[in-house]
Amino acid sequence: MKQEITDKIQDQLNLSALILKKNHKHADLTTWSGFDLNDDMQVKQAKRLLKLFGIKSGLHLRNSLQRYESGQMVSQSFEKLASELRNDTTITFDAKYNAEQNPRSKNIYKLVWKYRFILKTQKLIGYEMAVYIMQMRLGHVLGFVETDEMLLRLEEANDIVKSTFSSWGEFHRNVCLGDEYILGTTEQDNSTFPGSGTLWECYQRLNIQQADWFKEWKK
């Protein structure tokens, strides 16, 4: 019998809603995967997205999930640079920043400098767990993971996220910052009505379209 998506499960799946919407704007967030398994084009899109993550099998998927869950993909490198920059003064940081020639690296320096103390505990765990759940949902499209395993992994991911963040806003901001860190882009101006390209813009739309989902932070 197919596992029903209860309110509790939906809340856990919603931890990936923002990052999934960025990668699949037509995602049906009320399903296990967000994709229509009977639509060949959507299945191909899921396969393409997994390929971008280097995932071509269930083993690849589980190896990737382990790396995201343990912080190896983003948080470790963020914290390494943040720890280094916490020893800098504004003058020494400016010297490092100005000496860097690569625009992407300069943007990363700028972002980590700003959050070197603020995210000392949280790091970019929110982003990593959002991608973790999204990859799991993508894997479900291709049969790499069944719903019984997803339930167990969702519980674990939810515990990590809910013990690290205190609200949907705080969590989603971390997801957006993680996306910027990976892409090496500068922070977005989220004071204006959203356009179409950034995760900040997806965040604004999602909170308009699914406002009721992101009010209560259920532990």
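## Basis

The model is predicted, so local features need pLDDT of at least 70 and side-chain atom pairs pLDDT 80 or more, while totals for chains, interfaces and linings use all residues. Residues are numbered from 1 along each chain as its sequence is written, and side-chain values use heavy atoms, without hydrogens and water.

## Packing of α5 and α7

Helix α5 (residues 75–85) packs on helix α7 (residues 103–115) at about 70°, with axes 9 Å apart. The two are therefore roughly perpendicular (65 to 115 degrees). Their crossing is right-handed. In the contact (heavy atoms within 4.5 Å), α5 supplies Phe78, Leu81, Ala82, Glu84 and Leu85. From α7 come Ile108, Tyr109, Leu111, Val112, Trp113 and Tyr115. These residues divide into 10 nonpolar, no polar and one charged.

## Salt bridges

There are nine salt bridges (a side-chain nitrogen of Lys or Arg within 4 Å of a carboxyl oxygen of Asp or Glu). Asp179 and Lys22 form one at 2.8 Å, N to O. Asp179 lies in helix α10 (residues 168–183) and Lys22 in helix α2 (residues 17–23), so the pair ties together parts 157 residues apart in sequence. Asp179 is buried at 8% relative accessible area (buried is under 20%, exposed over 50%, partly exposed in between, with a 1.4 Å probe and protein chains only). Lys22 is partly exposed at 27%.

Arg62 meets Glu149 at 2.6 Å, N to O. Arg62 is in helix α4 (residues 58–69) and Glu149 in helix α9 (residues 147–164), so this bridge links parts 87 residues apart in sequence. Glu79 pairs with Arg86 at 2.5 Å, N to O. Glu79 is buried at 18%, and Arg86 is buried at 16%. Shared partners join Arg62, Glu149 and Arg153 into one salt-bridge network.

Technical notes:
Axes are lines fitted to C-alpha atoms, for helices over the stretch in contact, and angles run from 0 to 180 degrees between N-to-C directions. Helices (H or I, at least four residues) and strands (E, at least two) are DSSP runs, numbered from the N terminus. Angles under 35 degrees count as roughly parallel, over 145 as roughly antiparallel, 65 to 115 as roughly perpendicular and the rest as oblique. A crossing is left-handed if the near helix is turned anticlockwise from the far one by less than a right angle, and right-handed if clockwise. Ala, Val, Leu, Ile, Met, Phe, Trp, Tyr, Cys and Pro count as nonpolar, Asp, Glu, Lys and Arg as charged, and the others, Gly among them, as polar.
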